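Welcome! Take a look at the sequence and structure below, and then we will walk through some helices and a sheet together.

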Amino acid sequence: MRVTKFSHSCLRIEHDDAVVVIDPGVWSESERALDGADAVLLTHEHADHVDADRLADALAKRPSITIHAHPDVVDKFSAQWAGAAVPVTSGHAFTAANLLVRAYGGLHAVIHPEIPQVANLGFLINESLYHPGDSFDVPDGANVETLFVPISGPWLKLAESIDFVRAVKPRRAYAMHDCLFNEQGLALTDAHMTARSGAEYARLAAGSTVEV
């Protein structure tokens, strides 16, 4: 699979002439990410993970796109997406643009006890790449080769990111959810993740592509 990491939490995955995009949010280069997409996976409803207007524009240009998301997300944006969204729940396995996908988790990590948790799904792609959304839910029973690990946000601390990588035990880990730090914060986080996560770790520049 060819994986392009766009800003924050957006991934574009290309495999066998199929294109799947995960979390094209308002802080990502969503228009570029969605160009030619066959399917879109949305972990949850927050705007940094779903640019609803850009996705509606992409659908208008390419009506064959399918969107896979938790029923709460499908219900919230159903008017904009005109029946293109397919509801997915935790434990569900399905095919998106010829790629096998398994959904895990269920809830967004706690930001504060006064803020209600929204639904959140992590997605395992082709039994090897895992995108957790805004959670540290470990995909039980999965053999994850490539993990995208959140490193910044109001709902996490560095120790949790490190422990998440250790729990999943991937071969390699790449940073995501990384738009909230300045360069000093990113450098400090990268140093700790490299030294302590137990996996090959890197933070990819927006638009970088890797083969996994």
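In H4, the residues Leu 158, Ser 161, Ile 162, Val 165 and Arg 166 meet Thr 189, His 192, Met 193 and Arg 196 of H5; contact means heavy atoms within 4.5 Å. The residues of this contact divide into four nonpolar, three polar and two charged (Ala, Val, Leu, Ile, Met, Phe, Trp, Tyr, Cys and Pro count as nonpolar, Asp, Glu, Lys and Arg as charged, and the others, Gly among them, as polar). This is a predicted model, where local features need pLDDT of at least 70, side-chain atom pairs count only at pLDDT 80 or more, and totals for chains, interfaces and linings use all residues. Residues are numbered from 1 along each chain as its sequence is written, and side-chain values use heavy atoms, with hydrogens and water left out.

**The helix pair**
- The axes of H4 (residues 158–168) and H5 (residues 183–196) come within 10 Å and cross at roughly 30 degrees (axes are lines fitted to C-alpha atoms, for helices over the stretch in contact, and angles run from 0 to 180 degrees between N-to-C directions).
- Helices (H or I, at least four residues) and strands (E, at least two) are DSSP runs, numbered from the N terminus.

**The sheet**
- Seven strands make an open, mixed sheet in the order E6-E5-E4-E3-E2-E1-E14; two strands pair if DSSP finds at least two bridges between them.
- E6 (85–87) and E14 (208–211) are at the edges with a single partner strand each, so one side of each has no neighbour in the sheet.
- From one strand to the next, the twist averages 20 degrees.
- E5 (residues 66–69) pairs with E6 in the parallel sense over three bridges, and Ala 69 has Pro 87 in E6 as its bridge partner.
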